[in-house]
Amino acid sequence: MKNIALIILCIFGTIGLFTPGSAVAQGRNEPVFTVAEQQPEFPGGNTALSRYLAENIKFPNSLSRRNYNTGPVSAKFIIGKDGVVRDVRVTSKPLDKKTQKGMQDFMTTIISAIEKMPRWQPGEVNGKPVAVFYTLPIEVSMQ
């Protein structure tokens, strides 16, 4: 696999889909907020996050040889009130049969890199740390 530059389109952190609030995470007894007063922050901020992703996510050779445009890719995960990342999921555009294997490898690499992230500064509500649902849009730039 080949190293590529990853550009974070925008780091929204918490995204309230309809209304601010929280939901209870499946199998856990803690609320997970979609909007927090204080957003979670990667150690060193957005620049450090972009650098971390560029260094830790590998783009499969099978896709780079064909100059495959991944389209929008998003990583969605929860940053716990302890700052630990969990429940990582990656979404992308629908895949054709030719690109399924390469994209699966790419998405596995993204999940692995995110699961290995250092602890974040957790989000806060009313001055207390809370778990926050985080969406991280990722764009691939072949440089």
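This is a predicted model: local features need pLDDT of at least 70, side-chain atom pairs count only at pLDDT 80 or more; totals for chains, interfaces and linings use all residues.
Visitor: How many aromatic pairs does the structure hold?
Guide: Rings of Phe, Tyr and Trp pair if their centres lie within 6.5 Å. By this rule, the count of aromatic pairs is five.

Visitor: What is the geometry of the pair formed by F42 and W120?
Guide: The ring centres of F42 and W120 are 5.6 Å apart, and the angle between their planes is 85°. Planes over 60 degrees apart count as edge-to-face. The F42 and W120 pair is therefore edge-to-face.

Visitor: How many residues apart in sequence are the parts that F42 and W120 tie together?
Guide: F42 lies in the loop between β4 (31-33) and α1 (45-56). W120 belongs to the loop between α3 (100-115) and β8 (123-125). The pair thus ties together parts whose separation in sequence is 78 residues.

Visitor: Are F42 and W120 buried or exposed?
Guide: A residue counts as buried under 20% relative accessible area. F42 and W120 are both classed as buried.

Visitor: Which class describes the pair of W120 and Y134?
Guide: This pair links distant parts of the chain, with W120 in the loop between α3 and β8 and Y134 in strand β9 (residues 128-141), 14 residues apart. W120 and Y134 are both buried. Their ring centres are 4.9 Å apart and their planes stand at 65°, so the pair is edge-to-face.

Visitor: Which residues form the aromatic cluster that includes W120?
Guide: W120 pairs with F42 and also with Y134. One aromatic cluster is formed by F42, Y52, F77, W120 and Y134.

Visitor: Which residues does A113 touch, leaving aside those up to four places away in sequence?
Guide: A113 lies in helix α3 and is buried, its relative accessible area being 4%. With residues up to four places away in sequence left out, A113 touches Y52, N56 and I57.

Visitor: How far apart in space are K93 and P72, C-alpha to C-alpha?
Guide: K93 is located in the loop between β7 (85-91) and α3. With a relative accessible area of 30%, K93 is partly exposed. K93 and P72 are 21 residues apart in sequence, and their C-alpha to C-alpha distance in space is 6.5 Å.

Visitor: What is the distance between the closest N and O atoms in the salt bridge of D87 and R86?
Guide: The structure holds one salt bridge. D87 counts as partly exposed at 36% relative accessibility, whereas R86 counts as buried at 12%. In the salt bridge between D87 and R86, the closest N and O atoms are separated by 3.6 Å.

Definitions and conventions. Residues are numbered from 1 along each chain as its sequence is written. Side-chain values use heavy atoms; hydrogens and water are left out. Rings of Phe, Tyr and Trp (its six-membered ring) pair if their centres lie within 6.5 Å; planes under 30 degrees apart count as stacked, over 60 as edge-to-face and the rest as tilted. Helices (H or I, at least four residues) and strands (E, at least two) are DSSP runs, numbered from the N terminus. Buried means under 20% relative accessible area, exposed over 50%, partly exposed in between (1.4 Å probe, protein chains only). Contact means heavy atoms within 4.5 Å. A salt bridge is a side-chain nitrogen of Lys or Arg within 4 Å of a carboxyl oxygen of Asp or Glu.
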